[in-house]
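Subject: Structure handover

Hello,

Here is the structure I said I would pass on. My notes on what was found in it follow below.

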Amino acid sequence: MSIRTMKPEDLELVLLWAADEGWNPGLEDAQAFLAADPDGFLIKTVDGKPAAALSVVNHDAHNAFLGLYICVPELRGRGLGFELWNAGIAHAGSRCIGLDGVPEQVANYQKSGFVPAGKTTRFTGASPVAPKALTATPVRVEELLHADSKMAGFERGQFGRSWFTDTQSRQTFVLSETCFATARQCQVGVKIGPLYAQTSTEVDTLLAAIAARYPNQTLILDVPDTSHELQRYLRRANFQPAFETLRMYRGAAPQAELPAFSATATLELG
């Protein structure tokens, strides 16, 4: 058995594992994920074959995020994840590490020093308003990165430069440098995140533009419980809660300055 950093084809494989588990990754997640921290994606092999994976992405000098902790079904229960876990934690060094964990794993994360910091609820539904034109705003990616760092509470420039650059299946819709949303096509539907807005009217405009760009697709948002306004908005719009995760931190949590309406970029990288 051995642990090594993932190659691009390894991450594509791990995202297929994630899809099989119902995690519903984006169609072009791999490139943006690796751009964040190419040394932060670890894979464990057994008899030369990929068996388990973990990512611990170092976003900046003080903050990291853990995700994609997964083992192939036939090798579960053999303790393969312990060494992989330790290697990921070591990669983060002294940084605060965040994660979004499923409720059944919370006790295990607490044993490793992670402390709960609030819930995130996934909502699914359709745009509640008729599609409308979104006036293009000439905002550069660097301006979005500056705003994102303040609202997220940490710098994630390497990730953001890739995430906020449009691709065939991912697009960022911008009203201003502090009001925007990234939408990406997934195995099922379209995930939206991050989303930052100050008013319900701004959310109307962003969701309608996304629905027009990706017609007849289910819209999916991961909304922290601190964003009461967006949760209320989505419930009124008949979006349905699908499941919850618990945001946890090991170390001093970043001080986010989130607007009234906000959704998480991705449960894998924060």
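A nonpolar core, as the term is used here, is a set of buried Ala, Val, Leu, Ile, Met, Phe, Trp, Tyr and Cys residues joined through side-chain atoms within 4.5 Å. Please keep in mind that this is a predicted model.

Cores

The largest nonpolar core contains 54 residues. Leu 11, Phe 33 and Phe 41 have the most contacts inside this core. The element that gives the most to it is strand E3, residues 49–58, with 6 residues. There is also a second, separate core of 25 residues, and Ala 181, Ala 183, Val 190 and Phe 261 are among its members.

For Phe 41, I listed the contacts with its neighbours within four places in sequence left aside. Among them are Leu 11 and Phe 33, the two residues named beside Phe 41 for the most contacts in the largest core. The list also includes Arg 4, Thr 5, Met 6, Leu 34, Leu 54, Ser 55, Val 57, Leu 68 and Leu 269.

Gly 101

Gly 101 is part of strand E5, which covers residues 96–101. Its relative accessibility is 1%, so Gly 101 counts as buried, the cut-off being under 20% relative accessible area. What does Gly 101 contact once its neighbours within four places in sequence are left aside? The answer is Tyr 109, Thr 245 and Leu 246. Leu 246 is 145 residues away from Gly 101 along the chain, yet their C-alpha atoms are separated by 5.2 Å.

Backbone points to check by eye

The peptide bond between Gly 193 and Pro 194 is cis, with omega about 0°. Pro 194 sits in strand E9, residues 190–197.

Asn 24 has a phi of about 55° and belongs to the loop between helix H1 (8–20) and helix H2 (29–36). Asp 47 has a phi near 55° and belongs to the loop between strand E2 (41–46) and E3.

The cut-off for exposed is over 50%.

Regards

Note on methods: Residues numbered from 1 in each chain as written. Predicted model: local features only at pLDDT ≥ 70, side-chain atom pairs only at ≥ 80, totals over all residues. Heavy atoms only, no water. Buried < 20%, exposed > 50% of the residue type's maximum accessible area, 1.4 Å probe, protein only. Helix = DSSP H or I, 4+ residues; strand = E, 2+ residues; numbered from the N terminus. Contact = heavy atoms within 4.5 Å.
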